[in-house]
Amino acid sequence: MIPVTEFRQFSEQQPAFRVLKPWWDVFTDYLSVAMLMIGVFGCTLQVTQDKIICLPKRIQNETGLNISGEITVPRQMVSPQTSPQQAEMKGLKTNLDLQQYSFINHMCYERALHWYAKYFPYLVLIHTLVFMICSNFWFKFPGSSSKIEHFISILVKCFDSPWTTRALSEVSGENPEEKDNARNILHKSSTNIAAEEGTLVKAPSLRSIPDKIVAEKTAAGALDKKEGEQAKALFEKVKKFRLHVEESYLLYTMYIQQTIVKVMKFLLIIIYNSALVSKVQFTVDCNVDIQEMTGYKNFSCNHTMAHLFSKLSFCYLCFVGIYGLTCLYTLYWLFYRSLKEYSFEHVRQESGIDDIPDVKNDFAFMLHMIDQYDPLYSKRFAVFLSEVSENKLKQLNLNNEWTVEKLRQRLQTNSNNRLELQLFMLPGLPDTVFELTELQSLKLEIINNVVIPAAATQLENLQELSLYQCSVKIHTAALAFMKENLKVLRVKFDDNRELPVWMYCLRNLEELYLFGCLCPDVSKNITLDSLRELKSLKILYIKSNLSKIPQPIMDVSSHLQKLFIHNDGTKLMMVNNLKKMANLTELGLIHCDLERIPHAIFSLLSLQDLDLRENSLKSIEEIISFQHLRKLSTLRLWHNSIINIPEHIKKLTSLERLYFSYNKIEVLPSHLFLCNKIRYLDLSYNDIHFIPPEIGVLQSLQYFSINCNKVESLPDELYFCKKLKTLKIGKNNLSVLSPKIANLSMLSHLDIKGNHFEVLPHEISYCKALKRSGLIVEDILFKTLPPDIREQMQAE
């Protein structure tokens with residue numbers, strides 16, 4: 001007998017695949033097992049028992065000759081020697097032996113018995129195996145099985161992951177009253193701020209839970225490092241799997257096709273079985289032409305299995321009918337519902353995770369199938385489709401890695417004398433940052449998905465925020481705090497979307513620095529349109545590619561004191577609206593491809609510092625108009641192509657700092673030194689050959705640099721500038737350093753490297769403030785000094 005276990009491979013798949021078996025597939029599997037048992041039972045009977053039993057059938061006519069051809073012997077002709085015991089025997093004497101009966105049985109079985117009665121058990125077995133193969137074909141086909149196996153492996157890991165339970169418990173109401181109260185408070189706060197400012201930064205439900213509640217739960221159920229890394233890997237696997245599976249609907253098509261095949265198979269079985277089941281008869285007449293071998297032609301046969309096969313066939317038809325109706329319902333379910341799309345709307349409402357995306361194609365179909373098994377799988381799997389959930393996990397791992405102690409060790413004082421924390425290329429912003437209450441400046445560089453929570457209100461000393469290539473979202477409570485406390489904001493962006501729109505409502509902001517490429521349309525009116533709200537803005541620095549000064553800047557012109565535009569080589573063509581900035585004290589038009597000094601600058605009567613570096617200035621004849629700027633004390637014209645300095649510069653009597661480095665100046669006019677208030681004069685990197693003796697007029701001179709020129713000698717009058725602290729004359733053609741350098745008693749920095757000096761004057765020792773660290777000279781030349789002078793300069 002064939003054991004049913006031999007067919008198990010056709011009816012069972014891996015246990016994990018059961019999650020993709022809806023109730024109708026499970027039901028049809030049981031029906032298949034029942035039909036399989038019918039087939040196996042029938043086949044076993046066919047093999048182990050006689051199939052048919054036949055006896056000769058004699059039909060007599062009037063001549064006494066039977067149809068089979070046998071001559072009938074009358075009783076009177078019975079031999080008188082026949083014993084009385086033999087005469088008493090009854091029945092038909094056939095004179096056939098056992099082998100002949102066996103031969104007749106086989107002949108009649110093959111020729112007289114209907115084929116349906118012969119092959120019924122095998123048909124049942126074959127049809128049942130086809131049903132089983134059709135039901136499980138998509139689990140075995142390489143193109144679909146690979147997707148299913150991958151999906152099942154991810155699904156099981158997501159279901160069992162500690163992060164799944166953690167994420168759902170944070171929002172699903174372990175303490176419903178606390179959750180509802182927190183949401184009501186947050187909604188009320190958000191509504192008030194939106195009504196006041198017109199700016200509201202909303203966050204999904206998982207992210208909008210009050211920080212206090214999240215912090216308590218975090219402490220109570222923190223994930224260990226290994227579990228956190230496993231959950232992080234699951235998020236990446238789900239993303240990649242989704243991209244791969246949503247591209248096609250192979251699984252959906254294959255499942256429909258195998259269901260259609262089963263329905264067609266069901267119709268075929270019902271039709272031909274209903275017509276042929278009556279052919280299974282108990283008595284069968286057999287006429288075979290074997291009279292020469294047996295003496296008989298007609299036989300009456302008994303099909304021993306007919307009665308049982310008839311009952312089995314009716315039972316089989318019932319099972320097939322139920323199987324077919326189930327398949328028809330499956331087809332109705334497949335075509336009636338939209339299975340190429342799957343919505344997590346119910347999960348979003350139940351779990352509170354609002355950003356779970358809907359899916360499509362094969363991904364959606366598998367989730368629909370799983371819902372028929374247990375909807376809990378989809379709910380727990382959805383956690384790993386949520387970006388908010390992923391960010392929450394990253395945040396948790398980040399908090400565990402960046403402890404308060406570790407962050408406090410990274411604190412340092414910046415150039416503005418503020419206690420600063422700099423974080424670079426992190427996956428997010430650690431919540432532990434907001435426990436550093438002493439923090440004054442926060443600098444974030446290349447950090448994606450920065451979320452500034454309500455806990456930012458704890459940073460009472462925070463005044464400066466730098467965001468370099470960071471996408472930032474801010475909690476409404478944190479935004480309200482920033483409006484009142486933030487003084488300095490620096491934003492560096494590659495994409496306009498990285499430019500936070502909430503910065504325009506920081507009403508107490510005093511300094512704004514923007515670094516990024518603005519397209520021409522944006523520079524006209526978009527990004528800077530809301531600057532008018534910055535009522536306290538005093539310093540504005542823009543490094544971009546503007547074609548003209550945006551009109552929104554004029555909205556803050558009444559209180560703006562410092563404006564710097566670094567145009568990165570783009571030509572700034574229209575600057576006439578600068579005239580409106582009457583209170584401007586510092587102006588920088590840097591790398592703007594200016595060929596002449598803009599006339600609009602001459603109207604800025606309050607201007608004290610003008611920076612025109614890295615332009616294309618060749619002539620500065622307009623400099624005469626600067627005489628109207630009575631307060632102008634600093635003029636930066638470095639990194640241009642200026643050939644000469646006009647004599648009109650003598651009228652700029654208020655100048656104290658003058659930068660002419662990195663130009664093409666050859667002649668230094670004596671009129672320059674009539675600006676006797678100059679304290680800082682930089683003429684380095686030019687083509688100057690001669691320094692006029694009138695330099696001695698600059699009695700206030702403290703810094704003088706002519707590095708990298710072609711000067712061959714220094715006038716003695718230079719040493720009359722007794723307030724000189726820094727003298728840079730390196731990389732020239734000087735051969736002698738005058739002993740009169742002793743007059744520069746306040747000199748602390750001297751650069752003479754790169755000349756043709758052979759010795760240094762001993763009088764250099766009278767420069768008491770000059771030490772070896774401040775003397776830039778070749779070591780060989782320094783050794784020409786007497787040992788006592790060298791020791792004096794090397795002493796601290």
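How many aromatic pairs does the count come to? By the rule used here, the answer is 33 aromatic pairs. The rule takes rings of Phe, Tyr and Trp (its six-membered ring) as a pair if their centres lie within 6.5 Å; planes under 30 degrees apart count as stacked, over 60 as edge-to-face and the rest as tilted.

Before you start clicking, note that this is a predicted model, in which local features need pLDDT of at least 70, side-chain atom pairs count only at pLDDT 80 or more, and totals for chains, interfaces and linings use all residues. Residues are numbered from 1 along each chain as its sequence is written, and side-chain values use heavy atoms, with hydrogens and water left out.

**Stop 1: an aromatic pair**

Select Phe-602 and Phe-626. Their ring centres are 5.2 Å apart and the planes meet at 75°, so this pair is edge-to-face. Phe-602 belongs to the loop between strand 16 (586–590) and strand 17 (609–611), while Phe-626 belongs to the loop between strand 17 and strand 18 (634–636), 24 residues apart. Strands here are DSSP runs (E, at least two residues) and helices are DSSP runs too (H or I, at least four), numbered from the N terminus. Phe-602 has 11% relative accessibility and counts as buried; Phe-626, at 1%, is buried as well. Buried means under 20% relative accessible area, exposed over 50%, and partly exposed in between (1.4 Å probe, protein chains only).

**Stop 2**

Now select Trp-23, Trp-24, Tyr-329, Tyr-332, Trp-333 and Tyr-336, which ring pairs link into a cluster.

Then show Lys-340 with Tyr-249: the charged end of Lys-340 sits over the ring of Tyr-249, 3.9 Å from its centre. For a charge to sit over a ring, NZ of Lys or CZ of Arg must be within 6 Å of the ring centre and within 35 degrees of the ring normal. Arg-490 and Tyr-513 give another case, with the charged end of Arg-490 over the Tyr-513 ring at 4.6 Å from its centre.

**Stop 3: the disulfides**

How many disulfides does the count come to? There are two disulfides, a disulfide being a pair of cysteine sulfur atoms within 2.5 Å.

Pick Cys-54 and Cys-301, whose bonded sulfur atoms are 2.0 Å apart. This link is right-handed, with 110° about the S-S bond. Cys-54 is in strand 1 (residues 52–56) and Cys-301 in strand 3 (residues 298–303), so follow the chain across the 247 residues that set them apart. Both Cys-54 and Cys-301 are buried.

Move on to Cys-108 and Cys-286, joined with an S to S distance of 2.1 Å. The torsion about their S-S bond is about -90°, so this disulfide is left-handed. Here helix 4 (residues 98–111) holds Cys-108 and strand 2 (residues 283–287) holds Cys-286, 178 residues apart. Cys-108 and Cys-286 are both buried. Counting bonded cysteines along the chain, the disulfides follow the pattern 1-4, 2-3.

Cys-134 counts as buried at 11% relative accessibility.

**Stop 4: a proline in a loop**

Finish at Pro-427, in the loop between strand 7 (419–424) and strand 8 (441–445). Pro-427 is partly exposed, at 46% relative accessibility. Leaving out residues up to four places away in sequence, Pro-427 touches Leu-398, Ile-447 and Asn-448; contact means heavy atoms within 4.5 Å.
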